[in-house]
Amino acid sequence: MELGEDLPIRILRRTWQPVALARDLKPGGVSGYKLLDFDIVIARFPDGRLLAAENSCPHKGMRLSLGKVHGGELQCAYHGWRFDPSGACTNIPSLIDPPANKLEASTLTHYGIQERYGMIWVQMENHDSEQLPDIPEFEDPDWTFTLGPPTPFKAGFRREIENYLDMTHFAFAHSSTLGKAADSVVPRMDITELDDGFLMDAPFPALKTPHEQPGKLQSAHRRKQRCYLPNFTTIRQTFEDGDERLLVHIPSPNSIFECTVFWALAISKDFHGPSPEDQMAFAIKVLDEDRTMCENQIPREVPINPARGGWGVLVTPGDTLANTFEKVFRKYLIKHQGESEDQGRSMIPPY
Ligand code: FES
Ligand SMILES: [Fe+2]
């Protein structure tokens, strides 16, 4: 079945996507984000409540992300209309006694919003069946959980997922970091397809006789990659001394061709090796090398249907995992295609 290239962007509106780090949205804070082709505003009120809404004032379309929280409400920067944490319009300063129907007609189109894992998550279409995966290590005080800086990629989110799943690029794209001890031939991967994604188990492809002495982060370890559809993917690294690290990447789609990678690193108790700060600095360097690869692939998103330069053809055993992702992702799209709220009508983003 041929699927439309914009289908992923439409279907993902049912899912929870990260839009900010919680620490960057303090009480009284307002910011904007482009999520799945829509401009959204997010705000945290002094009582802690959160609001996510269309970033367009019902009056004249001003971006509400340029407004401010005033008196416990979100105030538009242009003519001062005010909105409470539920999105209801409470005040139109140019009207002494605004009629109820005018206020009601000015309610903001708002979305689901929650805070978890140190991130603010937004769900544009309400589907109760969509939940964030539970990752106990991220909430376990014995583990050191550190958030990376959200990193914009000028590439589709599936380019980033494929990159994150790919172990054959270490020796080349990461020649000065991960690749110092990496073998370009990947070991056998055990892949299990699951209802909500897949699990891959394999050793890190470390050379038996490395050309350079690897540090702990480049040395032999077991990797378990777990993908929770559509785009929440963890890598569990288990080192030979029993230490563990758990990385997560969530490339939050801004549009078909751009995403922002939200990511974090959890380190097991009493980890023997570099400090959490040094591990973060190393991870930032690796991510930047990956960004260069993702931003220089043509087209900027993996074609949704199998194609040369995409997936499903001209592949090597190392591409099996990316192919597994694309295959299960297609099934996910087909399963949810009929449930999309905007099915059959064209969406005009508000900008
Ligand atoms: S555009 Fe927002 S109050 Fe006028
Ligand atoms: Fe990489």
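Contact here means that heavy atoms lie within 4.5 Å, and the exercises below apply this idea to a predicted model.

**Exercise 1.** Work out where Ser-255 is placed, whether Ser-255 counts as buried or exposed, and which residues Ser-255 touches.

*Solution.* Begin with the place in the chain: Ser-255 is in strand 17, which covers residues 244-255. Next take the relative accessibility, which is 8% for Ser-255; because buried means under 20% relative accessible area, Ser-255 counts as buried. Then look for neighbours, leaving out residues up to four places away in sequence, and you find that Ser-255 touches Ile-9, Lys-34 and Asp-37. Finally, turn to the side chains, where a polar contact of 2.5 Å joins Ser-255 and Glu-258.

**Exercise 2.** Describe how domain 1 and domain 2 meet, starting from the bounds of the two domains and ending with the charged pairs across their interface.

*Solution.* First set the bounds, with domain 1 running over 15-123 and domain 2 over 136-336. To their contact, domain 1 gives 17 residues and domain 2 gives 19 residues. Now consider area: the two domains bury about 1,500 Å² between them, and 62% of this is on carbon and sulfur atoms. Of the area that domain 1 buries against domain 2, Gln-17, Tyr-117 and Met-119 supply 32%, more than any other three residues. In a salt bridge of 3.1 Å, N to O, the side chains of Glu-139 and Arg-116 meet.

Terms used: Residues numbered from 1 in each chain as written. Chains lettered and ligands numbered in written order. Predicted model: local features only at pLDDT ≥ 70, side-chain atom pairs only at ≥ 80, totals over all residues. Heavy atoms only, no water. Helix = DSSP H or I, 4+ residues; strand = E, 2+ residues; numbered from the N terminus. Buried < 20%, exposed > 50% of the residue type's maximum accessible area, 1.4 Å probe, protein only. Polar contact = N/O pair within 3.5 Å; in protein donor to acceptor, adjacent residues only side chain to side chain. Domains from an automatic or database assignment. Buried area = accessible area lost by both parts, 1.4 Å probe. Salt bridge = Lys/Arg side-chain N within 4 Å of Asp/Glu carboxyl O.
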